[in-house]
Amino acid sequence: MKKVEIKSKRFDNMVQNIEKYGGCPVSATLKLIGGKWKPLILYFINVDVNRFGQLQRMMPGCSKRMMTTQLRELESDGLVHREVFAEVPPKIIYTLTAKGESLRPLFSELSKWGIENVLEPRLKS
């Protein structure tokens with residue numbers, strides 16, 4: 001494969017990060033928060049939709065099994081905290097951990113970008 005020469009500070013910074021961390025930081029982040037359902041789950045928990053049933057209603061295309069799997073992975077990755085209350089029926093609340101809270105600015109920017117570049121243009125057409 002031919003080596004590509006790119007002269008730019010941004011490119012140099014990217015290469016330095018890949019060499020330092022052994023991989024692309026964006027790719028590493030997307031492995032944790034990417035996929036079909038995880039970004040939506042994180043976004044909804046971010047805006048206080050924090051019960052399993054509420055999440056299920058907000059994402060009717062996501063099966064209970066898939067929702068459970070995704071929530072467990074987010075919990076395992078330290079982005080979501082699961083609190084179980086000893087009640088009948090069981091009450092479970094999902095909240096963002098400090099690591100998950102650090103994603104708030106990202107979701108705010110994604111929301112703004114989506115409005116400006118996807119939703120608003122649809123209204124105009």
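View 1. Helices (H or I, at least four residues) and strands (E, at least two) are DSSP runs, numbered from the N terminus. Read from that end, the order is α-α-α-α-α-β-β-α-α. With a radius of gyration of 19 Å, well over the 14 Å that the globule rule gives for 125 residues, the protein is more spread out than a compact globule. That radius is taken over C-alpha atoms, and the rule is 2.2 Å times the number of residues to the power 0.38. Along the principal axes, the C-alpha atoms fill a box of roughly 65 × 45 × 25 Å. Please keep in mind that this is a predicted model, in which local features need pLDDT of at least 70, side-chain atom pairs count only at pLDDT 80 or more, and totals for chains, interfaces and linings use all residues. Residues are numbered from 1 along each chain as its sequence is written, and side-chain values use heavy atoms, with hydrogens and water left out.

**View 2. The largest nonpolar core, a set of 20 residues.** Such a core joins buried Ala, Val, Leu, Ile, Met, Phe, Trp, Tyr and Cys residues through side-chain atoms within 4.5 Å; buried means under 20% relative accessible area, exposed over 50%, and partly exposed in between (1.4 Å probe, protein chains only). Ile-41, Leu-42, Ile-45, Leu-55, Met-59 and Val-80 have the most contacts inside this core. Two or more residues come from each of helix H3 (38-46), helix H5 (64-76) and strand S2 (91-96), and H3 gives the most, with 4 residues. Across the protein, 23% of the 125 residues count as buried.

**View 3. Leu-55 and its contacts.** Which residues does Leu-55 touch, leaving aside neighbours within four places in sequence? Its contacts (heavy atoms within 4.5 Å) are Ile-41, Phe-44, Ile-45, Val-49, Met-67, Leu-71 and Tyr-94.

**View 4. The cis peptide bond from Val-88 to Pro-89.** Omega is near -5° here. Pro-89 sits in the loop between strand S1 (80-85) and S2. For background, most peptide bonds are trans, and most residues other than glycine have a negative phi.

**View 5. Asp-48, a residue with positive phi that is not a glycine.** Its phi is about 70°. You will find Asp-48 in the loop between H3 and helix H4 (52-58). Is Asp-48 buried or exposed? Asp-48 is exposed, with a relative accessible area of 57%.
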